[in-house]
Amino acid sequence: MMKRGDILALGAVVGGAALVYLAAAATPDAVESWDSGSVEGWVGTDPLNAYDVSLSNPGDRLEVSFAKKTRPVPEVRIIRATAAASAGDFSGDYWWGAAITNISFSLYCETHVPAVLQVYVANTNTDNWWFYPLETPVAGGWTQYQVPLDYAAGWQLGVGGDAGQFKDDLANVAWIGVELQRNVSTSKQVYAVDNFAVNGASKLADSDEDGMDDWAEFIAGTNPNDADSLFLADVLSTNTPDGFVLQWKSAGNRVYGVHSTTNLLLDFEKVATGIPATPPLNTWVDEAATGQVPYFYKIEVEQ
Ligand SMILES: [Ca+2]
Ligand SMILES: [Ca+2]
Ligand SMILES: [Ca+2]
């Protein structure tokens, strides 16, 4: 028998919450290999000099170049995947809909290395361009990059920006891309990108075998590679003058709801919504829980 106040079920219940965002979702684990010989709708710009840049595909990768110059000149190449690129796999909702955890790709530097190399993720509504500086690649070969899509890893805006904004902006991505700034050399410089991928947290995998799948851990903000980190709640005390006291492990930039029932044969009813996270623990009192019947609870991650 379950005793009064047992937590029946916990986890990231996200059913209705997905309606918050209207953007189509990016495709988890989508990879663009450019093996078709086409640029697959990717586009190039030089925002510094305000012109479009042509991209090419020599057969199996996306290529971009800087022409030979007679004197040093600052130039930039941003190669972008907009909604029109790669069948839309890299635009839209990176958050609820796709649970994208990292971006990976290979970069080829024919003879030089770019003066600046960074990844961009831009939001549709705010026009925020988040960037992440990458380590210097090798000249004359390929360099593999994997970029965690995690604010704490070092994502930046030009001015300001915080973890909450980053998360909100990931809900509707207008484009994602790679920026290369011309090496100071006046020689011709050729670069290429291949196997560009956005990798998602899987509902089928439980990497740390703690009973919560990787996707649910992404939503809950727990560590999918640490079995000691999982979404847990407890009834702290019962029969207080105010009601039952619930407590759960919370993560930053989350909003919670509480569902309860007194009879497991009936549906759970939502009894609280819009509870902001107060990490590492949230406490909530069910002031309606005063009778002698059993109470069962579920904690929902709403956003
Ligand atoms: Ca390829
Ligand atoms: Ca897990
Ligand atoms: Ca875990």
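1. The model is predicted. Start with a loop. Ala-87 sits between strands E5 and E6, in the loop that links them. Its phi is near 55°, a positive value in a residue other than glycine. Ala-87 is exposed, because 12 other C-beta atoms lie within 10 Å, and a residue with 12 or fewer counts as exposed.

2. Look next at Ser-86. Ser-86 also has a positive phi, about 45°, and is not a glycine. Most residues other than glycine have a negative phi. The place of Ser-86 is the loop between E5 and strand E6 (100–109). Is Ser-86 buried or exposed? Ser-86 has 21 C-beta neighbours inside 10 Å, so it counts as buried. The cut-off for buried is 20 or more.

3. Turn to the six-stranded sheet. This sheet is open, and its strands follow the order E3-E2-E5-E10-E7-E8 with antiparallel pairing. Which strands stand at the edges? They are strand E3 (51–53) and strand E8 (129–133). Each has a single partner strand, so one side of each has no neighbour in the sheet. From one strand to the next, the twist averages 30°.

4. Strand E5 (residues 76–81) and strand E10 (residues 173–181) run antiparallel, joined by six bridges. One place to check is Arg-77, whose bridge partner in E10 is Leu-180.

5. Next, the nonpolar core. The largest nonpolar core has 65 residues. Which members touch the most other members? They are Ala-26, Leu-62, Ile-79, Tyr-94, Val-173 and Val-193. This core takes at least three residues from each of domain 1 (29–200) and domain 2 (205–301).

6. Follow Ile-79 as an example. Leave out residues up to four places away in sequence, and Ile-79 touches Trp-42, Gly-44, Leu-55, Leu-62, Val-64, Gly-177, Val-178 and Val-193. Leu-62 and Val-193 are also on the list of core residues that touch the most other members.

7. There is also a three-stranded sheet. The strand order is E15-E14-E17, the sheet is open, and pairing is antiparallel. E15 and strand E17 (296–301) are the edge strands, each pairing on one side only. With direction ignored, neighbouring strands of this sheet are turned by 20° against each other on average.

8. Six bridges link strand E14 (residues 255–261) with E17, in the antiparallel sense. Opposite Thr-261 stands Phe-296 in E17.

9. One peptide bond deserves a look. Where is the cis peptide bond? It joins Pro-279 and Pro-280, with omega about 10°. Most peptide bonds are trans. Pro-280 belongs to the loop between strand E15 (269–276) and strand E16 (281–286).

Definitions and conventions
Residues are numbered from 1 along each chain as its sequence is written. Chains are lettered from A and ligands numbered from 1 in the order in which they are written. This is a predicted model: local features need pLDDT of at least 70, side-chain atom pairs count only at pLDDT 80 or more; totals for chains, interfaces and linings use all residues. Two strands pair if DSSP finds at least two bridges between them. Helices (H or I, at least four residues) and strands (E, at least two) are DSSP runs, numbered from the N terminus. Axes are lines fitted to C-alpha atoms, for helices over the stretch in contact, and angles run from 0 to 180 degrees between N-to-C directions. A nonpolar core is a set of buried Ala, Val, Leu, Ile, Met, Phe, Trp, Tyr and Cys residues joined through C-beta atoms within 7 Å. Domain bounds come from an automatic or database domain assignment. Two residues are in contact if their C-beta atoms, placed from the backbone, lie within 7 Å.
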